[in-house]
Amino acid sequence: MKRWILFGVIVALVTTVAAPATVLGDELALDPSSAPPAVAQLWSRADGPNARSANSGGWLWGPAMRAMTVEPYQESPDGARAVFYFDKARMEISDPNKDPQATWYVTAGLLVRDLIAGQIQVGNDAYVSSAPANVPVTGDIVNNQLSPTYASLAPLASVGNAIATNQTPNHVGQTVTSLLKADGTVVPGAVSDSAVTIGSYDNVLGHNIPTLFTDWMSTQTISEQYLVGHPLTEPYWVDSMVGGTQTRVLMQAFERRVLTYTPSNPAGWQVESGNVGLDYRYWHGMVEPSDNSAIPVATNVPFGEIITNKAAQYGLDPYLLAAVAKVSSNYNPLFKADDGREGFFGVRAEFAADQAYPFDPQVNADIAAKKLAELHQGTDDWRAVLAQYYTGSASPDWSNGGLKDFVSGVLNTEAQLLSDLNHPPEKLASAEEAASVSQPAASGLTLLGTGHAAYYASGYTTAWWNSTLQKYASWGGAAAGWKLDPNGYYCVKPGFIPGQRLQLTANGVTLWCTVGDTVASGDLASWKAKWVVELSWSTFQALGLPANNTVEVRAP
């Protein structure tokens, strides 16, 4: 059985002149080529360097991944599937044991359906109820009161129990003139100057599709059903704030994407895919942690981003909080115990009495983290904290076998997670440790080039480089026999993979560095035109390059 171990590899080329990779809000910008091959290939077909040009139009997935993580899924071999978030959509691998070349090995998530219906799919026929997303469907995600939200689309959409009741007759050939207001009110005939006509009708869910959307779909390299799915609503004109400016656009919600048409946009950019991936993450408070030590939890534990976010919010150890979820429910958001504990964190019913959606993982995690933090204020004894959390009593009965198993299980699981996922903090090696790392023989080295070096900003500490190298190694992306650099000297050079070693000479100093990151595929040409190597700040300083930036690079 193949089990995914995924780490988000941060691609941030911070050099003397180059800007870091694009970041939207608090989201990371991860190189899609660092994902499993099937995901990387699917992205590359639509948005990779060979697919993009000055006139190629809007992104299909997005310029970068925003996260690689796992989420519960009942039919997956380990009970969790790998998910890959992009701006426009989400890719999923539910069963890594299947044929990677099969069309549906990587699936596109049904995110729009879930945003509108207020549900989180955790199995083929298993869903967790949540509040429909009060997030704008079009335009700016904040300060945009003009746009309808996914929640306001619910009365109009073919989702849940309304699949039959919200179907619409065939209107092929007719003009789209209805305006949808922010509160979900439809005003027929309000857009009298519309030139958009209906080109086809979907018989499955009973909705009309404008010709300009069907034309757009026909130009894609990915099939219509895979890319967008069936339409969930009729097409509507809406007013929205786009980049802070009021703009009228046409929108239609499909199962997997929202398509928009903006007449005022340049040719090639008038039809676009909405930022559904970012909207979904915003809905559930999913963000990659700023603390590097928490990234392994965010990436490898089901709903790990929610766990690390709540741990940071309430001042808890993310490994402990993840252990509570593991022992309470085995990461099952639909868990129900005979004694009334429920949800992802086995929250006691009395703790969640005022919650409309106690099984929603974000809500369940918030209740659990808040309660644990509250109990921790009274004592530093985590056995006592966990016992009170489990029983709801300040005087727990330790003769209860279930209580003993829970407390010991959480503490043991925390230790196991730390062992499996966490790594030591930054530490420069002693002279003895440095000497123990064998160096390639000086003879037989090949001069790769002489030129200027770029550098990562000093904020990318040795701990960050250590962590990044370990992330590559966790999914097989590092050289055999790799080791953390004993001196914290890290470097980057296209053609060399993390864990390999290079010899650097500059200003009378010669040292060995360890390749610790890669260059995003879209930046290769520009990178090679400017630099011979890229270095961590400590390596850049050790070679005296701030004063005289010329370095020789050699490899065995």
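Colleague: Gladly, let's start inside. Which residues does Ile307 touch, not counting residues up to four places away in sequence?

Modeller: Ile307 touches Val297, Val301, Pro302, Pro318, Leu321, Ala322, Ala325, Phe344 and Phe345, with that sequence limit of four places applied. Contact here means heavy atoms within 4.5 Å. Before we go on, this is a predicted model, in which local features need pLDDT of at least 70 and side-chain atom pairs count only at pLDDT 80 or more, while totals for chains, interfaces and linings use all residues. Residues are numbered from 1 along each chain as its sequence is written, and side-chain values use heavy atoms, with hydrogens and water left out.

Colleague: What makes a set of residues a nonpolar core, and which residues have the most contacts inside the largest one?

Modeller: A nonpolar core is a set of buried Ala, Val, Leu, Ile, Met, Phe, Trp, Tyr and Cys residues joined through side-chain atoms within 4.5 Å. The largest has 71 residues, and those with the most contacts inside it are Ile116, Tyr150, Ile307, Phe345 and Tyr389. Apart from that core lies another, of 40 residues, including Ala46, Met65, Tyr105 and Leu227.

Colleague: Why is Arg81 called buried?

Modeller: Buried means under 20% relative accessible area, exposed over 50%, and partly exposed in between, with a 1.4 Å probe and protein chains only. Arg81 has a relative accessible area of 4%, so Arg81 is buried. Glu92 counts as buried because its relative accessibility is also 4%. In the protein, buried residues make up 54% of the 556 residues.

Colleague: How do you know that Arg81 forms a salt bridge with Glu92?

Modeller: The term asks for a side-chain nitrogen of Lys or Arg within 4 Å of a carboxyl oxygen of Asp or Glu. For Arg81 and Glu92 the closest N and O atoms are 3.3 Å apart, so the pair qualifies. Arg81 sits in strand E2 (residues 80-86) and Glu92 in strand E3 (residues 90-93), eleven residues apart, and the pair links distant parts of the chain. Strands (E, at least two residues) and helices (H or I, at least four) are DSSP runs, numbered from the N terminus.

Colleague: Why are helices H9 and H12 called oblique to each other?

Modeller: The axes of H9 (residues 318-329) and H12 (residues 401-421) come within 8 Å and cross at roughly 125°. Axes are lines fitted to C-alpha atoms, for helices over the stretch in contact, and angles run from 0 to 180 degrees between N-to-C directions. Angles under 35 degrees count as roughly parallel, over 145 as roughly antiparallel, 65 to 115 as roughly perpendicular and the rest as oblique. H9 and H12 are therefore oblique. Among the residues that meet are Tyr319 and Leu320 in H9, and Phe406 and Gly409 in H12.

Colleague: Is His230 buried or exposed?

Modeller: His230 counts as buried, because its relative accessibility is 16%. His230 lies in the loop between helix H5 (224-227) and strand E11 (236-242). Leaving aside neighbours within four places in sequence, the contacts of His230 include Asp202, Phe254 and Glu255.
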